[in-house]
Each structure stands twice: as C-alpha cells, then as structure tokens.
Amino acid sequence: MAAILAFLGWLGRYLWSAWAGAAGLFCLAAAWQAGHELYGSFVLPSPLETGQEVARLIGEPDFRVAALETAQRSGLGFLLSVAVGTSAGIAAGYSFAAMRLMRPIVTVILGVPPIAWIVLALIWFGAKGGTAVLTVVVASLPISFAGGLEGVATRDRALEAMAKSFGAGRFMRLRTVTAPHLVSYLFPAWTTTAGSAWKVTVMAELLSNAGGLGGDLASARALFDIPRVTALVLAVVGFALFTEYVLIQPLRDRLEQWREAGRPWGVKR
Amino acid sequence: MRLALERIGHAFLGRAVFENLTLRLDAGEVLALVGPSGCGKTTALQIAAGLVDPLRGRVRREYRRHAVVFQEPRLLPWQRTRDNIAYGLAARGIGREERHAIAAARAAEVGLHPRDLDKYPAELSGGMRQRAAVARALAVDPEVVFFDEPFTAVDVGLRRVLQDLVITASAREKFAALFVTHDLSEAARLAHRILVMSGRDGSIRVDRTIAGTPGARDDRAIFEMVQGWMHEAAFAELFDPDRDRA
C-alpha cells in the first residue's frame with residue numbers, strides 16, 4: 001500500500017514537472033510564430049496551421065501506415081544498437097586489451113558520416129526498410145558502446161573489493177556495484193540514440209525512397225506542400241519527445257532515485 | 001587457530017612491501033597490527049582477507065566466514081541502509097525477509113535508529129555510515145573480522161563509541177579480529193595482543209600480549225601503557241621523525 005502511494009506520488013510529481021517542459025516548448029512555438037509572421041505561410045507555416053495539418057494527417061490511414069513503418073524501423077534500430085552496443089561496451093570495459101582494440105574502431109565508425117552508411121546500405125539492401133535499420137544501428141551503436149565501456153571502466157573498485165570480501169559472485173557484483181553506476185553513463189547514450197534513431201530513420205527513408213515518414217516527406221517536398229512538410233517534422237519531433245519523456249526518462253528517474261538523497265532537498269518519499 | 005600467514009612476501013611493481021611476514025590469529029582473539037603509514041599493514045590485511053593474492057607464502061584459514069570493515073564505510077550509495085547492512089547476507093543467498101530482520105537487529109546493536117534503515121547512505125552522517133559498515137560486517141555472523149583502520153576519519157568521541165562497540169561485539173560473539181591501526185592507544189584499548197610492523201622491511205618488531213581484557217582496562221592504565229611503549233626501542237620507529245628519508 002505504502003509502495004503504491006509512493007509510486008503515485010512520484011507519478012504525480014513527474015507529470016506535474018511536464019508544465020516546466022511545456023513552458024519551454026511554448027517559448028519555442030512563440031519564436032516559430034514570430035518567424036511565420038516575418039516570412040509568411042509559404043516559407044514557414046504557423047504553429048497553428050501545422051497543428052491543424054497534423055490533426056488532418058492523423059486522420060489519414062496512409063499516414064498511420066507510414067508512421068508505424070518508421071516507428072518499427074527506428075524502434076528496431078534503437079533496440080539492436082542499444083543491445084549490441086551496450087553489451088559489447090560492458091564486455092570491453094572489463095578487458096583492457098579489448099578496450100584498446102575497440103576504442104580506435106569506435107572512433108573510425110563515428111567518423112563515417114551517416115549519409116555514407118545510407119549509400120552503402122542502399123547498395124547492399126536496396127530501397128527497403130533494412131537500409132534505415134542498418135543506418136540507425138551503425139550510426140548510434142558506438143554511442144552505447146562508449147557509454148558501456150566508460151561506465152564499466154570507471155566503476156568503483158573500492159566497492160568491488162567490498163563486495164568481493166563478502167563473497168559476492170561476478171554476477172552479483174555486476175548487478176549491485178557496476179550496473180547502478182553504469183546507468184548514469186548509459187542513459188545519456190540511450191537518449192541520444194533514441195533521438196537520432198528517429199532522425200536517421202527519416203533521413204534514410206527520404207534518401208532511399210523506402211516509404212515511411214521519410215518517403216512522405218520526400219513527396220511533400222516534391223509537391224511543395226510546405227504545411228505538410230512542417231507537420232511531418234512536428235510528428236517526428238513528437239515521436240522523439242514521446243520516446244524520451246514517456247519511455248526513457250521515467251525509467252531513469254526510477255533507477256536513479258537514490259541520487260535525490262544526496263541533494264539539498266533530500267529524497268522525496 | 002583461525003588464521004595464519006606463513007612467510008608471506010609481496011611486492012608492488014617490483015618494490016617489496018614485505019619479504020617474510022608470519023602472523024597467527026587465534027579464535028576469539030583481537031590482534032592489533034600497528035605500524036607507520038606505508039609499512040604494508042593494509043596490504044597484509046588484504047592478503048589475509050583474500051582480496052589480494054600474495055606473491056609468495058601461504059595463507060591458512062580455518063573458518064567459514066569473514067567480514068571486512070574498511071577505512072571508508074564503502075556503502076553502496078544506491079541502496080538503502082537496510083539493504084547495505086544485509087549485503088553480505090544477500091551474497092550468501094539468504095531470503096529478503098530474513099535478511100531484513102537480521103539487518104534490523106544488527107542496526108539496533110550498533111546504535112542505528114530504525115528510521116535510519118530507510119535512508120540512503122548520503123543521508124547519514126559519517127559516524128552513522130561507519131556504524132552501518134560495522135553492522136554489515138556483524139550481520140554475516142563472521143568468525144573472523146578484518147578491520148582496516150576503520151575509525152580514523154571520525155571524531156574523538158565517536159571513535160571511542162565505535163571502539164566500545166567492537167569490544168562488546170567481540171566479547172559477545174567471540175569472533176577473532178585483525179585490527180589494523182596506526183593509533184597505539186586504540187590498540188591498547190581494544191586488543192588482546194599487539195604486533196608492531198617495521199616500515200623499513202615489513203618485519204614484525206614487537207609481538208606482545210597486552211595485560212588485562214579489552215574493555216576492562218581503564219583510561220589511566222591505557223595512557224601509561226602507551227607512554228611506556230613510547231620509550232621502548234622496539235616502538236621507536238613509530239615516533240622517528242626521519243623515517244621517510246631512508
């Protein structure tokens with residue numbers, strides 16, 4: 001019962017904190033509106049027009065199919081790159097040899113522009129969904145990898161010695177000593193990955209003409225349907241906000257609750 | 001006999017810490033290991049506790065469970081005090097209910113308020129954290145406890161309280177303890193026997209049983225004992241101002 005109440009309290013606070021976020025977004029919308037009034041609807045449709053266009057888009061079955069397609073691709077790319085990158089990073093963090101071998105490889109992979117991967121993937125996979133997924137994976141895998149690696153490499157060895165002195169096995173040490181520390185390295189990496197997964201998917205779809213929101217965007221551009229372009233952009237941003245603040249942040253908030261304890265206002269229970 | 005180090009040699013990056021260290025810890029005995037900073041007493045403790053593998057020599061352990069109280073509390077910042085105290089029990093695979101009950105009992109023994117059990121280490125004072133660390137060690141019912149200068153960072157009054165805690169716990173639970181410290185009066189208060197390690201080659205200079213039982217010695221006796229030691233040649237190295245210039 002107390003646990004449920006504590007959870008509800010946390011949920012209420014989390015939702016309430018959305019007001020601050022909304023205030024920031026409305027500032028941005030105001031700047032947008034100013035731009036619109038300066039340059040007119042053809043160059044920059046107003047937020048209101050865009051919102052109406054989004055509402056109309058949601059009613060279109062084609063749009064829903066395209067959005068689902070993009071969501072699936074970026075979701076798959078996100079999951080693959082996070083799973084592979086994080087586990088490889090953790091493994092590399094435990095081994096100095098692996099760390100030394102992998103670091104330059106990561107730098108090289110990060111140095112290749114995503115657009116180059118799209119071209120390569122187009123040649124390998126053709127104009128299909130695989131292109132988008134591969135681009136997302138390759139573009140964002142190194143971020144999770146570096147996060148996992150740094151997190152493990154900077155784990156608290158004094159706490160590890162403590163755990164060892166109580167006979168904690170390898171897995172228990174990973175779970176109780178390393179993992180909570182890793183979280184603060186992995187979540188920024190995962191947030192970046194989630195954000196770039198949407199962007200890169202749309203970009204890959206646009207360039208490979210593989211349907212999805214990117215394909216939609218390409219045809220809207222061809223038709224000079226500017227409100228549709230901004231509406232699609234807004235939709236993608238909405239998806240990115242959703243992944244960040246509905247899927248990732250709450251999880252992080254729950255896992256990092258202990259950090260509140262060290263802050264001047266103390267832990268909130 | 002609970003623990004014996006036999007002809008242990010260890011070196012860090014080729015620099016020898018000690019060549020030939022032999023010591024023995026009997027059941028129920030509190031053994032104070034004293035020495036100047038950097039003489040290798042912490043290394044000796046880590047070898048005894050199995051945290052470091054010695055280069056040479058043999059460690060004989062005749063007990064089932066040990067626990068270590070480190071210089072810093074080393075509590076997990078992301079676990080509440082209750083789970084921190086129960087950590088050793090969790091490592092042994094004891095169920096949640098049972099280990100929380102044991103943790104609560106041990107916390108009471110070391111003077112933690114039940115309210116403190118729900119707090120994170122960041123919310124506890126330094127003394128409270130060290131109390132929790134002691135409770136965590138006692139919670140596993142150890143036969144040997146290793147103390148690595150555990151009370152150096154707390155104030156004088158609290159240090160006494162924590163020492164008394166160790167004295168009563170060892171009298172009650174009959175565990176053997178290896179207590180590393182650089183404070184002679186701390187050794188004189190709580191140990192049955194004192195070993196003095198040399199800073200030059202890590203050899204044992206003094207091995208002496210301290211008269212009386214820990215906890216029963218009064219402050220005057222302890223003061224006079226430490227004063228007496230200060231004038232002995234074997235202890236001289238601890239007070240040598242030039243020892244770093246070797």
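Let me begin with chain B, which in this predicted model has 8 helices and 9 strands. Its radius of gyration is 18 Å, close to the 18 Å that the globule rule gives for 246 residues, so chain B is as compact as a globular protein of that length. If you picture a box drawn along the principal axes, the C-alpha atoms of chain B fill roughly 55 × 40 × 35 Å. Of the 246 residues in this chain, 44% are buried, and when we take the contacts between residues at least 6 apart in sequence, 72% of them join residues at least 24 apart.

Now please look at the sheet in chain B. Which order do its strands take? It is an open sheet of 6 strands, and they follow one another as E5-E6-E7-E3-E8-E9, with mixed pairing. Strand E5, residues 66-69, and strand E9, residues 204-209, stand at the edges with a single partner strand each, and therefore one side of each is left without a neighbour in the sheet. On average, and ignoring direction, neighbouring strands of this sheet are turned by 15° against each other.

As a reminder for those new to this, strands of a sheet pair through backbone hydrogen bonds, and they do so either parallel or antiparallel. One pair in chain B that you can follow by eye is strand E6, residues 144-148, with strand E7, residues 176-181, where the two run parallel and are joined by 5 bridges. Within that pair, B:Phe147 has B:Phe179 in E7(B) as its bridge partner. Across E5 and E6 of chain B lies helix H5, residues 126-139, which runs at about 170° to E5(B).

Let me turn to chain A, which has 12 helices and 0 strands. Its C-alpha atoms fill a box of roughly 70 × 50 × 35 Å along the principal axes, and buried residues make up 33% of its 269 residues. Among the contacts in chain A with a separation of 6 or more, 71% are between residues 24 or more positions apart.

Finally, how many residues of each chain are in contact with the other? There are 18 residues of chain A in contact with 18 residues of chain B. On the side of chain A that touches chain B, helix H8 (157-165), helix H9 (170-208) and helix H12 (257-261) each supply at least two residues, and the largest share, 6 residues, comes from H8(A). By residue type, this side of chain A divides into 12 nonpolar, 5 polar and 1 charged.

Key:
Residues numbered from 1 in each chain as written. Chains lettered and ligands numbered in written order. Predicted model: local features only at pLDDT ≥ 70, side-chain atom pairs only at ≥ 80, totals over all residues. Helix = DSSP H or I, 4+ residues; strand = E, 2+ residues; numbered from the N terminus. Rg over C-alpha atoms; globule rule 2.2 N^0.38 Å. Buried ≥ 20, exposed ≤ 12 C-beta atoms within 10 Å, placed from the backbone. Contact = placed C-beta atoms within 7 Å. Nonpolar A, V, L, I, M, F, W, Y, C, P; charged D, E, K, R; others polar. Pairing = 2+ DSSP bridges. Axes fitted to C-alpha atoms, helices over the stretch in contact; angles between N-to-C directions.
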